[in-house]
Amino acid sequence: MATLREWLSSGPFTLTMSSGFFGFYAHAGVIRVLEEESLLPARASGSSAGALATGLWAAGASSFDLAGELNRLARSDIWDPAPGLGLLRGNRFRDLLARLLPVRTFAECRIPVSISVFDFTERRTRTIDSGDLAPAIQASCTVPLMFHPFAHDGHALFDGGIFDRPGLSGVPENTRVFYHHLTSRIPFRSLHDRLGRGVPRRPGLVPFVVDALPRADPFRLDEGRRAIDVAAGALRAALDAAVVD
């Protein structure tokens, strides 16, 4: 039976990362180890927190840069309350993305990346993999009630994790996938996670789940900084464990 290290190095794989509020910190820890071990994906996908992490990395931000920017993140970088269908306007988050992204478009990314968004206008999940990168990431991170709806090309877009929590909608079946799953604090999703139903099952997919990650939010960003190290340590330990895909 192959170890996770052997599985990752045995052929091209897609790195997929789930939604999970401020879980992009933990995602950054996973990416750090993949870079350290030169176990790099050929493609990437994600929704919400996963879209932010995979989008920035695919655009050329190294794991060192990604962790550094997240460690410097302050609530004021995203905090712009305004009346509307959500607490935050989202303009400061837009400006943050503009500063962090090394390239502007999907076509300029070092690997192909697909991002899940929920199109409220059409009542369905959409996958974005072309055009400007920043609007796709912002749309996928537009948590309902936290942010105003994100208007793009005449459509109201929201968090990609609403109906595609894993961020797999743009990944073809029978693709080798290394999937980082963030357990949820939402009651019904949390129950599914505890029962093992929250992690997708499909041929070729190897899931990675870290129990008891520190939980970050806009008022507890220090917990996010801890989550980077916890997730990185868990993956280092998992690399030599056996996997079944």
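How many aromatic pairs does the count come to? The count comes to 9 aromatic pairs, where rings of Phe, Tyr and Trp (its six-membered ring) pair if their centres lie within 6.5 Å. Tryptophan 7 is buried at 6% relative accessibility, and phenylalanine 13 is buried at 2%; buried means under 20% relative accessible area, exposed over 50%, partly exposed in between, with a 1.4 Å probe and protein chains only. One aromatic cluster is formed by Phe21, Phe22, Phe24 and Tyr25.

The model is predicted: local features need pLDDT of at least 70, side-chain atom pairs count only at pLDDT 80 or more, and totals for chains, interfaces and linings use all residues. Residues are numbered from 1 along each chain as its sequence is written, and side-chain values use heavy atoms, with hydrogens and water left out.

The chain contains 8 helices and 10 strands, taken as DSSP runs (helices H or I, at least four residues; strands E, at least two) numbered from the N terminus. Its radius of gyration, over C-alpha atoms, is 17 Å, close to the 18 Å that the globule rule (2.2 Å times the number of residues to the power 0.38) gives for 245 residues, so the chain is as compact as a globular protein of that length. The C-alpha atoms fill a box of roughly 55 × 40 × 35 Å along the principal axes. Of the 245 residues, 55% count as buried.

Definitions and conventions
Rings of Phe, Tyr and Trp (its six-membered ring) pair if their centres lie within 6.5 Å; planes under 30 degrees apart count as stacked, over 60 as edge-to-face and the rest as tilted.
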